[in-house]
Each structure stands twice: as structure tokens, then as C-alpha cells.
Amino acid sequence: MSQSKILSRINILKYIVLAALEIIIVRLFFIQIIEHADWVAKADEQHTILETITPKRGEIYMMDKGEPVPIVLNQTMYQVVIDPTVTRKEDIEKVVNDYVKDYTVVNLDEVYSQENLRYAIVAKDVPREKAEEIADSGTPAIWLKKTNRRVYPEGELASGLLGFMNNDGVGQYGVEGSLNDMLAGKEGLLKTTADINKVALSIGNDNVRVQAEDGKNVVLSIDRGLERGIEEIAAATINETTADHASVLVMNPNNGEVLAMANLPSYDPNNYTEVTDASVYVNQITDVPYEPASICKNFAFSAAINEGLMTGDTTYFNQGYEIVDGWKIENAEQRSILYGTLTMRDALYWSLNTGSIYALKLLGGDPNSINQTGREKLYDYYHNKLRLGQITGIELIEAEGYIPDPNEGWGRDSTYANMTFGQNLGITMIQTATAFSAVINGGVYHTPYVVKGFYENGELIEEKQVEDVNDQVLSEETSTMMREMLINNRSYRKRAGVDRDGYAIGGKSGTAQVVRDGAYDDTMSELVGSYIGFVGPEGELPKYVIMVKMWGEGQSIDSGQAMTMFDSLSNYLIDYLKIKPGAA
Amino acid sequence: MISQTTYVTRREQQMTFARNRNTVRYTKRSLGSISQIVIVSMLTLIFGLIYVAEGTKATGFDYELSAVESEITEMNAKKEDLAVERARLTSVAAAKNSTVAAAMETATVSCYVAE
């Protein structure tokens with residue numbers, strides 16, 4: 001080969017090498033400059049873990065003999081996951097038959113009949129032991145995914161109060177819903193270099209590890225044994241009547257502490273998806289305003305007494321009805337012996353609407369008619385002092401309710417006449433019971449609460465989550481007078497031997513008509529029965545307030561049935577809480 | 001190469017009786033460029049090896065940590081299971097349905113002792 005030919009080939013080779021170098025340089029330029037971010041992302045994807053650290057959801061406790069006991073817990077469960085394009089059908093069938101038959105949530109034939117399906121959850125809520133057995137079996141291409149399940153070991157107990165946690169890990173209804181942020185805690189963040197098995201390594205400059213903040217373990221003021229006993233009594237009572245719903249509230253009137261809150265029918269929060277009537281999720285005590293009827297006479301009477309305008313011995317003429325704004329408002333009780341001059345104590349005993357209307361008239365300074373002053377004063381007591389139609393501040397989902405304005409709207413006098421016996425307004429049971437507590441505890445309004453504190457390191461840390469308004473809204477004299485009248489209301493229960501000697505037990509009933517087509521149903525085909533009362537040793541301030549509400553779709557439930565439940569509950573409370581009788 | 005020079009100290013300059021006395025001074029030997037490259041390379045290599053060794057050691061700790069964390073998670077899961085089981089066994093419904101409860105009689109209050 002000639003020298004020139006060799007040189008020519010070397011030149012060609014040189015150009016080829018140069019061209020190749022140029023291509024490489026251009027490609028490197030693209031990779032390192034133009035596509036830099038994409039390649040960094042791809043590299044990160046391969047050796048970087050970026051995940052949120054899930055905090056542990058706080059547990060919920062109730063009190064039992066002075067000690068917190070868990071009633072809502074967490075449990076790690078597993079899902080069995082497959083990729084149908086990779087997992088052999090016979091393998092997963094064997095796993096299902098051998099380990100998770102009871103937890104299977106899909107039909108495998110259907111799963112494998114779908115084209116291009118890459119992800120299928122075969123079984124849910126698989127316990128740890130089963131998951132370990134599956135892992136030990138060494139079956140290929142089957143994955144176990146950890147999940148957190150909320151466990152309610154007490155089943156249906158206080159379900160309306162507790163609520164539940166849904167599949168997204170979010171609390172719904174009850175304490176789970178209202179205290180969701182507190183229970184959920186705060187997520188953490190982990191961003192770190194990892195090896196091929198996704199084991200986090202400490203090498204690298206951009207590692208981030210923000211620890212998760214676990215949710216707080218909330219201790220409720222509810223007494224577990226008392227709650228169970230009350231739910232059993234309520235269930236037994238409604239089984240003996242045509243009612244199909246009942247709500248019961250027990251609280252300490254002297255500090256607003258709620259001790260029991262029962263809603264029936266209940267449901268099992270462990271299986272909340274099986275509920276067919278979503279209304280059972282709703283806490284009827286805090287979230288549903290209603291008309292408690294004659295229970296409100298306590299508030300109208302308290303207002304007039306507190307203003308120094310009447311006592312239990314004040315008399316008025318009862319003709320069995322009143323005409324207000326052209327409407328005839330009648331008493332439910334029409335016995336002939338009640339016509340004529342009666343004391344206000346008798347009016348409360350017989351629950352006469354004319355008596356509470358008379359209290360409203362007295363508030364206006366004119367015993368013969370209802371006027372603006374009377375309406376405004378009643379509004380002041382109902383809304384501003386006793387905080388009816390306002391949220392109480394309890395740590396639960398609450399409805400506000402409403403109290404009509406004293407100077408707006410049509411038929412204001414008749415509206416306010418109705419309000420004296422608990423109609424034409426909307427208030428919740430918790431508002432009613434809290435206001436009633438102020439009426440009988442010496443006149444002090446205490447904000448109700450259901451959270452006693454937190455459970456940390458095996459200890460109860462008492463820390464109220466509400467600010468107690470602690471407002472003296474009525475005088476002690478008014479409260480004393482009301483207690484005496486309410487105890488008098490139950491004098492016949494004492495004579496009948498229902499109320500035991502040595503105890504001061506007072507109460508007031510309320511039977512509410514329901515509204516149909518914009519007006520009260522005078523046929524009384526459907527009624528809501530309520531009863532509110534207090535229990536304590538004779539000669540002392542009441543220790544407990546009990547409120548009962550019973551109703552049923554299309555059923556006429558009067559307050560007598562609610563009172564029967566109150567009778568059982570008050571005696572149960574005396575026994576369960578070992579309330580000693582007072583000196584007569 | 002050693003360079004030699006003769007010099008007279010100030011003291012000797014002042015000491016006329018020490019004439020013709022020679023002194024020797026050695027100049028500093030400097031490394032050649034190749035030697036410098038070799039030494040720097042060796043040092044870099046040594047530091048590199050130390051870095052890799054430490055990195056490997058740290059990664060070893062990471063694996064240990066990961067194993068311990070897995071164990072903690074596992075133990076916590078077992079603790080949760082036991083807590084749930086305990087709560088179920090001590091629930092009031094379970095207590096009420098127990099054979100012990102079935103054999104019990106309803107208590108009645110007969111009297112209270114005055115304090």
C-alpha cells in the first residue's frame with residue numbers, strides 16, 4: 001500500500017473519530033445542560049426515597065372507676081395485593097384458600113378476565129399472623145401492604161358520640177370527626193438516598209427527615225359503665241313502647257361535665273359501611289335542634305322569678321286557653337278542677353301553657369297582655385343568658401338552633417307565647433340540659449365538655465379543651481325556688497315509691513307536636529316525648545342532670561313514656577354511682 | 001548537587017584571631033515535579049479510601065438501623081394487637097357475657113352507714 005493511501009485512510013479514520021467525538025459532545029451537552037433536570041429526576045427516582053411518615057392516630061379513652069380505659073384503638077392490618085400480569089393465578093388461589101379466605105374482597109376469575117390490569121387488592125383487613133404466614137410461604141409476586149385499622153372494642157357503645165374513621169383515615173361524625181385534627185397528628189417527611197431495596201441510607205447531601213407528630217390520646221369524661229347501663233335501659237324502654245329512637249344525656253350540672261351521651265339506634269363503628277340509615281351517624285344530642293316543648297317552661301318561669309315578678313305562690317286565672325294574635329292556645333291538661341285561680345307552682349306541676357304565657361306577660365309588666373318588653377326580656381333570658389339557640393362550645397359537632405327575634409316577623413306575640421312552652425324555636429338537647437343545669441345549680445352557666453384530658457405515658461393529664469364561661473345568669477334564690485317547684489313536680493312519683501326517700505329528685509316533662517305542612521299537627525298523630533330532671537342527696541345541690549328524648553316516625557310518644565325512662569335512669573344512677581341519701 | 005559557600009559570621013568578623021576558618025552551609029533539597037505528583041496522588045488515594053471506608057461503615061450502620069426500625073415496627077404492631085385483644089377481653093360487653101357475670105346476683109343497697 002502506498003504511503004499516500006495510508007495517510008488518506010488515517011485521515012478518514014481521524015474524521016470518523018472526530019465526528020464520533022462531536023456526536024458524543026453534543027449528546028453530553030444535551031444530557032448535562034438541556035435535559036439536566038429530567039436526568040436528575042430519573043436518577044433520584046432510582047436511588048431516592050420520598051415518602052410521608054404517617055403519624056399514629058390518637059386513641060380514645062373513657063373513664064371507668066376513675067381510670068381511663070381504651071375504647072378506640074389502632075391495629076396494623078394488611079392487604080394482599082397482586083399484579084395479574086405477573087402473579088400466577090394458581091399461586092394467589094392457593095394463598096386465598098390457605099390463609100385469607102375470610103378476608104377476600106374480589107372474585108379472582110373477574111380479576112384475571114380484565115386485560116392490562118396491573119393492580120388488584122385481593123384481601124383486606126388481614127391480621128398480622130396471617131400476613132406472616134403468607135410471607136413465610138414464599139409465594140412469588142404477592143405483596144402485603146400495611147394499613148391502619150381503627151378498632152372499636154366496645155362495639156356499638158356510644159357510637160353516636162364516637163363517630164368512626166373512614167377508609168381515607170379521616171374521622172367522621174362524633175368525636176372522631178370533631179377532634180379529627182387533634183387525633184390525626186401531623187405527617188412527617190422522609191427524603192433520603194436509598195439502595196436498590198429501598199433501605200434509607202444516610203449518605204447524600206439532600207436528605208430530609210421530619211418526624212411525624214402522633215395524634216393525641218383523648219380521654220373523654222364519659223363513664224364507660226354508666227354509658228353501657230344507660231344504653232341498656234334506653235334500649236329496654238323503647239322496646240316496650242312504639243318509639244324507635246331515644247337519646248339520653250347525663251351531665252354534672254355543677255361543672256358541665258358530660259358523663260353519658262347515648263343515641264339509639266346505634267351502630268357498630270367497626271362495620272360502619274353496613275349502616276343503611278345514615279341518620280344513625282348523627283349525634284341527636286348536639287347536632288339536631290328540636291322543640292323540647294314544656295321543658296322550656298322552666299326557662300320562662302326562671303326569667304319571671306329572676307326579675308322578681310313572681311314566685312311559686314303567685315296566682316293567675318286559668319281559663320284553659322289564651323287567645324294571642326287571633327290564635328287559640330290551649331292547655332293540654334283540661335281537667336275541670338284546674339279552671340280558676342291557680343298558683344304558678346300548680347301551673348308548672350300540671351304543665352299549663354296558660355301559666356307560662358302568664359310568666360311572659362309578667363315579664364312585660366302587664367299581666368293582661370304580651371308586649372314588646374316581655375318579648376325582649378324573654379329573648380334576653382333564652383338567648384343571651386341561658387344561651388339557647390347558640391352553640392355551647394362543647395368539643396363536638398354542634399347545631400346552633402334558633403330563637404326568633406323579639407321584634408321581627410309576623411305574629412310575634414303568638415310566637416313568643418309558644419316559646420314559653422317550647423314551640424316555635426329550635427334548640428339542641430345539649431343546649432337545653434346546660435341551660436337547665438344553670439336553673440337548678442344555683443344559677444351558674446357552665447360550658448359543657450366531654451374531653452377530660454389526654455392520656456400520655458400511662459397517665460391521665462387533665463386538660464379541659466373548653467373555656468368555662470362560669471356565668472351567674474340567675475340568682476341563687478331563683479334557682480332554689482325552681483328546684484323546690486321541680487321537686488314538687490315529682491311529688492306523686494315519690495308517693496308512688498318510684499323516687500326513694502333521702503334523695504332530691506325533680507323534673508319536668510315535655511311533649512312536642514310535630515310540624516306538618518308548615519303547621520303544628522293538632523291530630524297528635526306524631527309526638528316527641530322529652531323529660532329533664534335532676535338527682536342528688538336531699539338537702540344538697542343536685543349532682544346529676546338527666547335528659548331523655550324519645551320519638552318514632554309516625555308514632556305518638558308522650559312525655560309520660562320519657563318520664564318512665566327517667567325514673568329507671570335516676571334510680572340506676574343512684575345505685576351505680578352510689579349516691580348516698582341526704583339528711584331529710 | 002551540593003553548593004558550598006564560605007561566609008564569615010559577624011562574630012568571626014569581629015574576631016580577627018579566627019581568620020581563614022571555613023564554614024559549610026547546605027541549601028534545602030527540593031522535590032522534583034514527578035515526585036510531587038506521585039505524593040499528591042497517593043494522598044488523594046489514601047483520603048479517597050478513607051472516605052469510601054467511612055461511607056461503607058456509615059452505610060453498614062444504616063442497614064443495622066433499618067433492621068432495628070423494622071423490628072420496632074414489628075414489635076409495635078404486636079403491642080397494638082395485644083392492646084386490642086386486652087380491650088376486647090375487658091370490654092363491658094365481654095364482661096357482662098362472661099360466665100362469672102352470669103353466675104352473679106343483682107346487688108341491692110340495704111342501708112348506708114352514717115359517717
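User: How many bridges join E3(A) to strand E4 of chain A, and do they run parallel or antiparallel?

Analyst: Two strands count as paired if DSSP finds at least two bridges between them. Here 4 bridges join E3(A) to strand E4 (residues 120-126) of chain A, and the two run antiparallel. Within E4(A), Ile121(A) is the residue opposite Val81(A). The names come from DSSP runs numbered from the N terminus: helices are H or I of at least four residues, strands are E of at least two. This is a predicted model, in which local features need pLDDT of at least 70 and side-chain atom pairs count only at pLDDT 80 or more, while totals for chains, interfaces and linings use all residues. Residues are numbered from 1 along each chain as its sequence is written, and chains are lettered from A and ligands numbered from 1 in the order in which they are written.

User: Which residue of E5(A) is the bridge partner of Val81(A)?

Analyst: In general, side chains of a regular strand alternate between the two faces of the sheet. In this model, the partner of Val81(A) in E5(A) is Trp143(A). E3(A) pairs with strand E5 (residues 142-151) of chain A over 10 bridges, in the antiparallel sense. E3(A) is also joined by 5 bridges to strand E2 (residues 60-64) of chain A, again antiparallel. One pair there is Met63(A) with Pro68(A) of E3(A). The hairpin of E2(A) and E3(A) has 2 residues between the strands, and Lys65(A) takes a positive phi near 55° in it.

User: What does E3(A) give to the side of chain A that touches chain B?

Analyst: Contact means that C-beta atoms, placed from the backbone, lie within 7 Å. By that rule 21 residues of chain A are in contact with 18 residues of chain B. Two or more residues each come from strand E3 (67-82), strand E9 (200-201) and helix H9 (224-239) of chain A. E3(A) supplies the largest share, 5 residues. The chain A side divides into 9 nonpolar, 6 polar and 6 charged residues; Ala, Val, Leu, Ile, Met, Phe, Trp, Tyr, Cys and Pro count as nonpolar, Asp, Glu, Lys and Arg as charged, and the others, Gly among them, as polar.

User: What lies under H9(A)?

Analyst: An angle here runs from 0 to 180 degrees between N-to-C directions, with axes fitted to C-alpha atoms, for helices over the stretch in contact. H9(A) lies across E12, E13 and E26 of chain A, at about 35° to E13(A). Those strands belong to an open antiparallel sheet of 5 strands, ordered E13-E12-E26-E25-E22 (chain A). Strand E13 (258-264) and E22 of chain A are the edge strands, each pairing on one side only. E12(A) and E26(A) share 7 bridges, and Val250(A) stands opposite Ile546(A) in E26(A).

User: Which residues of H19(A) are buried?

Analyst: A residue is buried if 20 or more other C-beta atoms lie within 10 Å of its own, with C-beta atoms placed from the backbone. In H19(A) the buried residues include Met563(A), Phe566(A), Leu569(A), Ser570(A) and Leu573(A). In an α-helix, with 3.6 residues a turn, residues three or four places apart point the same way. The cover over the buried residues of H19(A) includes H9, helix H18 (491-495) and strand E25 (527-537) of chain A.

User: How many helices and strands are in chain B?

Analyst: Chain B has 4 helices and 0 strands. Of its 115 residues, 3% are buried.

Key. Contact = placed C-beta atoms within 7 Å. Buried ≥ 20, exposed ≤ 12 C-beta atoms within 10 Å, placed from the backbone.
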